[in-house]
Amino acid sequence: MAQEITTQDTRDVAKNNGDANRRAMAFTPIVDIYERDGTTVIMADMPGVSPEDLDVTLEHRILTLHGKVKPSAPEGYRALTSEYRVGDYIRTFTLSDEIDQDKINAKFKNGVLRLELPRLPEAKPKKISVKAE
Amino acid sequence: MLQTTFSPMSYADPFANMRRMQSAMNQIFDGTRLPGQSATYPPVNLWVAEDGIVMTTELAGLTEQDIELTVKEKVLTIRGTFPETQSGDDIVWHRHERVNGAFLRSIELPFRVDPDLINARFENGVLTVEMQRPEDDKPKRVQIKSS
């Protein structure tokens with residue numbers, strides 16, 4: 001089976017690390033996507049996001065992962081080195097028709113979102129009957 | 001208070017542009033790396049105050065048990081192993097961007113820290129380590145007597 005899920009948004013602002021002139025507001029979280037026993041699993045790294053600040057929305061086959069990060073600079077300290085930057089995470093995927101959208105399972109643990117997207121059992125090619133006129 | 005310190009980062013610095021160019025060049029080469037494969041992993045942020053240091057690093061997917069922190073004199077070492085990724089013949093991979101394997105990084109701190117006063121916590125994939133300067137290492141104010 002070919003790709004069931006395609007990324008719509010491939011820009012990776014996280015690569016702009018260290019550029020003080022560019023202010024990136026959102027990062028593309030890195031993901032693992034694999035398929036096993038008819039279920040597609042998406043694992044997305046979103047460190048720094050609290051479970052209540054994570055939004056997973058599905059609208060017209062568009063699956064959006066959005067995690068908000070509260071900046072947490074310690075008070076009374078000055079930054080000495082900053083090798084990574086902190087910001088929100090956004091990534092969007094298009095789901096195939098064959099996903100059972102009511103049975104999507106989402107878990108968030110230790111900064112990793114795990115989504116399980118089971119395929120519909122009756123995912124058969126649709127036959128369109130053509131009427132002769 | 002009159003200060004006569006020469007500030008190398010002021011606008012009058014003739015080498016400022018050269019340094020900016022150098023850092024821009026470094027970024028071009030930085031961009032050739034794939035995500036998660038930077039030369040030093042994990043990237044860390046450090047904050048300092050007079051008597052304390054705070055270090056943060058993002059280690060999504062690990063648990064507290066997977067991370068080993070050691071401190072000796074001025075060097076903080078973070079060691080950890082990411083759990084094995086799923087494998088098997090029945091798995092079809094579409095994307096594999098997340099980090100795998102073991103890592104080890106030593107960070108030199110700006111001053112010595114008290115190993116007994118380290119507060120490390122791991123929350124939502126972010127490790128935060130708060131360190132304190134030992135009492136005998138703190139800068140002491142010298143009283144000047146007026147004879």
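This is a predicted model: local features need pLDDT of at least 70, side-chain atom pairs count only at pLDDT 80 or more; totals for chains, interfaces and linings use all residues.
## Where the two chains meet

Let us start with the interface. On one side, 42 residues of chain B take part, and they are in contact with 43 residues of chain A. The size of an interface is often given as the accessible area lost when the parts come together. For chains B and A, that area is about 3,700 Å², with 50% of it on carbon and sulfur atoms.

Charged side chains also meet here: five salt bridges are found across the interface of chain B and chain A. One to look for in the structure links Arg98(B) with Asp32(A), where the closest N and O atoms are 3.6 Å apart.

## A sheet built from both chains

Strands of a sheet pair through backbone hydrogen bonds, either parallel or antiparallel. An open sheet of five strands uses strands from both chains, in the order β9(A)-β10(A)-β4(A)-β3(A)-β5(B), and its pairing is antiparallel. At its edges stand β9 (105-109) of chain A and β5 (92-96) of chain B; each has a single partner strand, so one side of each is left without a neighbour in the sheet. On average, neighbouring strands here are turned by 10 degrees against each other, direction ignored.

The place where the chains join in this sheet is the pairing of β3 (residues 31-36) of chain A with β5(B), which is antiparallel and runs over four bridges. To find this pairing, look for Ile33(A), which stands opposite Arg95(B) in β5(B).

## A three-stranded sheet in chain B

Chain B also has an open sheet of three strands, ordered β3-β4-β6 and paired antiparallel. Its edges are β3 (67-72) and β6 of chain B, each with a single partner strand, so one side of each has no neighbour in the sheet.

Strand β4 (residues 75-81) of chain B runs antiparallel to β6(B), and seven bridges join the two. Within this pair, Val75(B) stands opposite Glu108(B) in β6(B).

Asp114(B) is buried, yet has no salt bridge. The nearest side chain of opposite charge belongs to Arg112(B), 7.8 Å away, whereas a salt bridge calls for atoms within 4 Å.

Which residues does Asp114(B) touch, not counting those up to four places away in sequence? They are Gln132(B) and Pro134(B).

Notes
Residues are numbered from 1 along each chain as its sequence is written. Chains are lettered from A and ligands numbered from 1 in the order in which they are written. Side-chain values use heavy atoms; hydrogens and water are left out. Buried means under 20% relative accessible area, exposed over 50%, partly exposed in between (1.4 Å probe, protein chains only). Lys and Arg count as positive and Asp and Glu as negative; His and the chain ends are not counted. Contact means heavy atoms within 4.5 Å. Two strands pair if DSSP finds at least two bridges between them. Axes are lines fitted to C-alpha atoms, for helices over the stretch in contact, and angles run from 0 to 180 degrees between N-to-C directions. Buried area is the accessible area (1.4 Å probe) that two parts lose on being put together, summed over both.
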